Amino acid sequence: YPIEATLANGSTKLSLKGTVQDPLSFSGANLRLDLAGPDMALLLPLTGVAIPKTPPYRVAGQFDYTDEQYVFKGIQGKIGSTDLEGDLKIDTKPTAEKGRPVITATLASRLVDLKDLGGFIGAEPGDAAKGTKRPVASNGRVLPDEPISLPRLNAADVHLTYRAARIQGRSQPLDTMQAKLDIVNGAVELNPLSFGIGGGQITSVISLSEAGKGVKARATIDFQRVSVDKLLASTGVARGAGNMGGRAVIDGAGQSLAQILATGNGEFKLYMGAGGNVSALLVDLSGLQFGNALLSALGLPTRARIQCFVSDFVLQRGVATARTVVLDTDENRVVGTGALSFATEQLKFVLNTDAKHFSVGTLPAPINISGSLANPSVAPDAAELGLRAGAAVGLGIALTPLAALLPTIQLGIGEDGACASLLRQGKTPPKRR
């Protein structure tokens, strides 16, 4: 039986053209489905899935219905400038048992334009960069305190696999993307969410579920051989070199990201091997004014090269405490201690520097970093000026946990003997030239 139908709801339009073998049960369908509209968020009544705002879209493919399953295969289309292809199935059989259908999709894109994903990060579609900028709030806080919600995710269970072969967008370092998303009974799990950056990748496992009025969240993020130059080049401010590795783990609950961090537990490790540019890294990550002040206080030249950098923090009830912070450059060795409270956004760190050769401007005193995340300050410890015991003495103690981290460091940044060499020299003061 031939079928040709067009449905419209405002600017959203759906057309079907083809044949069905049994029109009463709508089975044996061989139909071409064409769906277009201004925003996929408007499809909630049709799909049962809450989709963030998107730019105008159009998708088409073969549609079939059999055994209470809607099958949309051979999908080809575009969302804004981003292409989309793959297959989608909606199984309505579990509805009687679980009260919701099951949606299974395998999708891919040859090219993703990040401006089309603005709605997924809290910005308007076409303005993805807006959602990545965090201005200081009027209350002086930096961490995002917007409420997190899992709206209308109980309407359907979702199993989605997605791959993006290439990502383009202004001021971003990402090359590729891979994601496996499962939404079951309203709980969300991304395992994995992976981004390729140069020859490395950032891989995350993230789970979210409702907890009272807030959200229970657990995330594990692994950085493996991530190109520092690729990261810094995307900012347009600085360039660098070398690879970066590490891991971040957070387990907490709250109504916002700020609350989750303020009560959360976990850890954060970050390390770099030989070849990094410490000045470019510090200035870019911490802001020009603060970064330059820190470099000046440490007496580091603008082109100091990293031999080994390791930072290892433990997060307990919202307080991140440094277990190991060691920076070894061709000019200095720096050991750091201190903590950051995410609840108050106050930080207090002390950096002890031991120069490998004497130079004008190097301060023979610990450097205090204190204040708030929004307005940190850098100043030498005047009380210990000229009286410090020397960072090299404490370096051996600080490097004790480094031995256990070495296998992870080598995996994260590739084979690099600089950190192993630093461990061997930890109890020996650096030779001054």
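Colleague: Is R323 buried, partly exposed or exposed?

Modeller: Relative accessible area, taken with a 1.4 Å probe and protein chains only, sets the class: buried is under 20%, exposed is over 50%, and partly exposed lies in between. R323 has 41% relative accessibility and therefore counts as partly exposed. This is a predicted model, in which local features need pLDDT of at least 70 and side-chain atom pairs count only at pLDDT 80 or more, whereas totals for chains, interfaces and linings use all residues. Residues are numbered from 1 along each chain as its sequence is written, and side-chain values use heavy atoms, with hydrogens and water left out.

Colleague: With which residue does D312 form a salt bridge?

Modeller: A salt bridge requires a side-chain nitrogen of Lys or Arg within 4 Å of a carboxyl oxygen of Asp or Glu. Here the partner of D312 is R323, and their closest N and O atoms are 3.1 Å apart. D312 belongs to strand β18 (residues 305-316) and R323 to strand β19 (residues 319-329), so the pair links distant parts of the chain, 11 residues apart. Strands (E, at least two residues) and helices (H or I, at least four) are DSSP runs, numbered from the N terminus. D312 is buried, at 5% relative accessibility. Salt bridges with shared partners also join E267, K269, D312 and R323 into one network.

Colleague: How is a pair of aromatic rings described?

Modeller: Two quantities are used, the distance of the centres and the angle of the planes. Rings of Phe, Tyr and Trp (its six-membered ring) pair if their centres lie within 6.5 Å; planes under 30 degrees apart are stacked, over 60 edge-to-face, and the rest tilted. Three aromatic pairs are found in the whole structure. Among them is the tilted pair of Y65 and Y70, at 4.6 Å centre to centre and 45 degrees between the planes. Y65 is buried, with a relative accessible area of 16%, whereas Y70 is partly exposed at 34%.

Colleague: Which residues do ring pairs link into a cluster?

Modeller: The cluster consists of F63, Y65 and Y70, linked by ring pairs.
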